[in-house]
Amino acid sequence: MKNKIIKYFFIIFFLPLITKAFSNDDFIIESNTIEYKENNNVIIATGNVKITSKDNVKISADQSEYIKLTNELFLNGNVEIIDQDKEIRIQSEKVRYYKNKELIQSIGTTNIDFGNNYTIDTTDLDYLRLKN
């Protein structure tokens, strides 16, 4: 009986942690489904993807693919990136985030909000986070 209680305790309290991947110190990835392809060092997340970086960037998308070796993140579907330090919000359908270069590239129609002051509608944006 005691072993059954312990088993259920672990299932109830640790099951939600299964869909969370700590890819490295740069990103924490959460989603409905996470697949880790060890031979390629790739993390694929689908469904309600939420990604948090250690430098105050919040990302949401329908699907993401993170390549650990090159530190590149590819995002698809309802992508929203919020740079909380600079108060910038980027929305697009497809985005590439090259973490080592701090380069965010949107592909296609893109909306950028700068705080509450400015909004820009454009296509194919390159945003260098480290530049002022």
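Neighbours within four places in sequence aside, leucine 75 is in contact (heavy atoms within 4.5 Å) with Ile51, Ile59, Ala61, Gln63, Ser64, Ile81, Glu93, Lys94 and Val95. The model is predicted, so local features need pLDDT of at least 70 and side-chain atom pairs pLDDT 80 or more, while totals for chains, interfaces and linings use all residues. Residues are numbered from 1 along each chain as its sequence is written, and side-chain values use heavy atoms, with hydrogens and water left out.

Leu75 is among the residues with the most contacts inside the largest nonpolar core, together with Ile51, Ile59, Leu73, Ile81 and Ile90; this core has 22 residues. Such a core is a set of buried Ala, Val, Leu, Ile, Met, Phe, Trp, Tyr and Cys residues joined through side-chain atoms within 4.5 Å. At least two core residues come from each of strands S2 (27–30), S4 (42–53), S5 (57–67), S6 (72–83), S7 (88–98) and S8. In soluble globular proteins, nonpolar side chains tend to be buried together.

## The chain as a whole

The protein chain has one helix and 10 strands, in the order α-β-β-β-β-β-β-β-β-β-β along the sequence. Helices (H or I, at least four residues) and strands (E, at least two) are DSSP runs, numbered from the N terminus.

Of its 132 residues, 36% count as buried. Buried means under 20% relative accessible area, exposed over 50%, and partly exposed in between (1.4 Å probe, protein chains only).

## Arginine 129, a buried residue

Arginine 129 lies in the segment after strand S10 (126–128). Its relative accessible area is 6%, so arginine 129 is buried.

The side chain of arginine 129 makes polar contacts with the side chains of aspartate 55 (2.9 Å) and glutamate 102 (2.9 Å). A polar contact is a pair of N or O atoms within 3.5 Å; within protein, one must be able to donate a hydrogen and the other to accept it, and residues adjacent in sequence count only if both atoms are side-chain atoms. Beyond four places in sequence, the contacts of arginine 129 also include Val57, Asp83 and Tyr97.

## Threonine 109, an exposed residue

Threonine 109 belongs to strand S8 (residues 103–114). This threonine is exposed because its relative accessible area is 64%.

Leaving aside neighbours within four places in sequence, threonine 109 is in contact with Gln91, Ser92, Glu93, Thr122 and Thr123. Glutamine 91 is 18 residues from threonine 109 in sequence, and their C-alpha atoms are 8.5 Å apart.
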